[in-house]
Amino acid sequence: MVAHAVFFYLFSFIAIVSAIMVTVARNTVHSVFFLILDFISISCLFIMIGAEFLGMIMLIVYVGAVAVLFLFVVMMLNVAQQKNQWFASTKSSSHIPIGLLVSLIIFFELIIVVGGWKYKPDLLNSSTITISETTTNTHSLGNVLYTDYIHLFQLSGMILLVAMIGAIVLTFRERSGVKRQSYFQQISREKNDGVEVVDVKSNKGVKIDV
Amino acid sequence: MNSLYILFDEIYRILFLLIPVLVTVAMIVWLDRRVWAFVQKRRGPNVVGPFGLLQSVADALKYIFKEIIIPASSNKLIFIIAPIITMTLALIAWAVIPFSENLILADINVGILYLFAISSLGVYGIIMGGWASNSKYPFLGAIRSAAQMVSYEVSIGVIIINVLLFTGSLNLKDIVLAQQNMWFVLPLFPMFVIFFISALAETNRPPFDLPEAEAELVAGYQTEYSGMMYAMFWLGEYANILLMCAMGSVLFLGGWLPPMDIGIFSLIPAPFWFIFKILFLFILFALVKATVPRYRYDQLMKLGWKIFLPLSLIWVVLTAAYLLYFDLLPKQI
């Protein structure tokens, strides 16, 4: 039990410190690395409360894919050169009020959720989910997701799909004059199409249309 | 006192797993070079020790005693952390690999997800190394590797779903035990081929070794590394390759199970079967390295996104439909 508490406080300490460091770090790439550290410690916390499926999915989706893309973009845009200055420049400090507003709203939402859960635990107990000790985490999640909440689950999938299509449509540009390569054309080239045997007379040379 | 006993017991078991893995990684480098040489009608490393078996030891000694050079303009902390991360991630994944029914360090419920998560984290060592070097070639290598590994992870994930449809469990032991009647390589043979090729891409092996393409990028993300730090990248890479072979044999080749339930086969202990399968897959890896020319980058991306991903998705639908139609879906435990 002591070990459990020690690890809980260790992981939550790392999570909070790295979350603060995400905003404080002067180098944007360092911010992304701290974000990754934050994700990893959060997924450790998930695993500690027995939600191993959520913890692993967190690792795979956020750390393995989303954060890689963040890093990719941050490195490619070369924002690493423009240093993050927290309160120093007028340009970045103009974002602070909006940021504070958003975080305040999120904070109150969290208070409402946690408070409601604390004082009225049976508020959301409309579904007939029974948590049994023998089934694994993944099984029980699947049992709920694909039965009671199938419509919401499919809907969230559709929203993601629409977002993906939107992103592709927004960034897609038809560029003219770009050389494209088609495997079928390349492979199906015959000897006659590419090679021409020319009879060259001595000291005359030959003109070939390319 | 009791907890101290548990602690030492765990440390003993971890060392009992890690030291053989590290020794195997060193030997497998020798095997790789030997197979590569034999395909090209060369001798390969054959001077140090019998058959050149001690070549890796000699190499390791050389790396240890070389100077570690840290470039002046590099980001020093991340530069040093990068090879450590590669090495650590390649080793911690071995915790869930089942060598036999009882020989597992950590028999966790979500074993296959753990393996998948760790292998997808492996990209960070490379990106961090490439970025922290603060130099053009390593950076290009890192960017290439990030895109490549993210792309091929997707198809590996979908292939894992194919296997999970047959087993109904994320536990690696259950996945192996579900193959007692038939190894999954038979019903899922196309997926095995795609998994093998994706594993090549995921571990940056030829023909997908664009992150370290020596003709264009010197040595890719490893360009600025020297001495032991370079060796750690290299060991981590080979440990990852072995891990992918182990994953392939757990998912498709029946893990520690013998090919048939006949007396002669069961004379050989279960872990040896598993090691045979890993070695078989590794020799396939080495043969591919020796024979196939390097892909172009756009071909690599096209292969991952336009061929492997749709094919494995279609196969998921087919597998699910087949299992549903013949009522073969695994019942809930």
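Colleague: How do you know how much confidence the predictor has in chain B?

Modeller: Chain B averages a pLDDT of 85, and 98% of the residues score at least 70. The scale runs from 0 to 100. The model as a whole scores ipTM 0.81 and pTM 0.83.

Colleague: What does a low value ask of a reader?

Modeller: Where pLDDT is low, the predicted coordinates should not be read in detail.

Colleague: What makes up chain B, helices or strands?

Modeller: Chain B has 13 helices and 0 strands.

Colleague: Why is K41(B) called exposed?

Modeller: K41(B) has 6 C-beta neighbours inside 10 Å. The cut-off for exposed is 12 or fewer, so K41(B) counts as exposed. K41(B) is placed in the loop between α1 (2-39) and α2 (55-65) of chain B.

Colleague: And why is N204(B) called buried?

Modeller: N204(B) has 25 C-beta neighbours inside 10 Å. Buried requires 20 or more, so N204(B) counts as buried. N204(B) lies in the loop between α8 and α9 of chain B. Buried residues make up 45% of the 333 residues in chain B.

Colleague: What makes the phi of K41(B) and of N204(B) worth a remark?

Modeller: Most residues other than glycine have a negative phi. K41(B) is not a glycine, yet has a positive phi of about 60 degrees. N204(B) is not a glycine either, and its phi is positive at about 55 degrees.

Colleague: Which peptide bond is cis, and what is its omega?

Modeller: The bond that joins P206(B) and P207(B) is cis, with an omega of about 5 degrees. Most peptide bonds are trans. P207(B) is found in the loop between α8 and α9 (214-217) of chain B.

Colleague: What makes α4(B) mostly covered?

Modeller: In α4(B), 11 of its 11 residues are buried. Among them are G111(B), Y114(B), F116(B) and L121(B).

Colleague: How many residues of chain B are in contact with chain A?

Modeller: 18 residues of chain B are in contact with 17 residues of chain A. On chain B, the elements that give two or more residues to this side are α4 (111-121), α5 (123-132) and α6 (136-167). The largest share, 6 residues, comes from α4(B).

Colleague: What is this side of chain B made of, by class?

Modeller: The side of chain B that touches chain A has 14 nonpolar, 3 polar and 1 charged residues.

Colleague: Which domains does chain A have, and how far apart are their centres?

Modeller: The domain assignment of chain A gives domain 1 (1-82) and domain 2 (135-170). Taken over C-alpha atoms, 24 Å separate the centres of domain 1 and domain 2 of chain A.

How values were computed:
Residues are numbered from 1 along each chain as its sequence is written. Chains are lettered from A and ligands numbered from 1 in the order in which they are written. This is a predicted model: local features need pLDDT of at least 70, side-chain atom pairs count only at pLDDT 80 or more; totals for chains, interfaces and linings use all residues. Two residues are in contact if their C-beta atoms, placed from the backbone, lie within 7 Å. Helices (H or I, at least four residues) and strands (E, at least two) are DSSP runs, numbered from the N terminus. Ala, Val, Leu, Ile, Met, Phe, Trp, Tyr, Cys and Pro count as nonpolar, Asp, Glu, Lys and Arg as charged, and the others, Gly among them, as polar. Domain bounds come from an automatic or database domain assignment.
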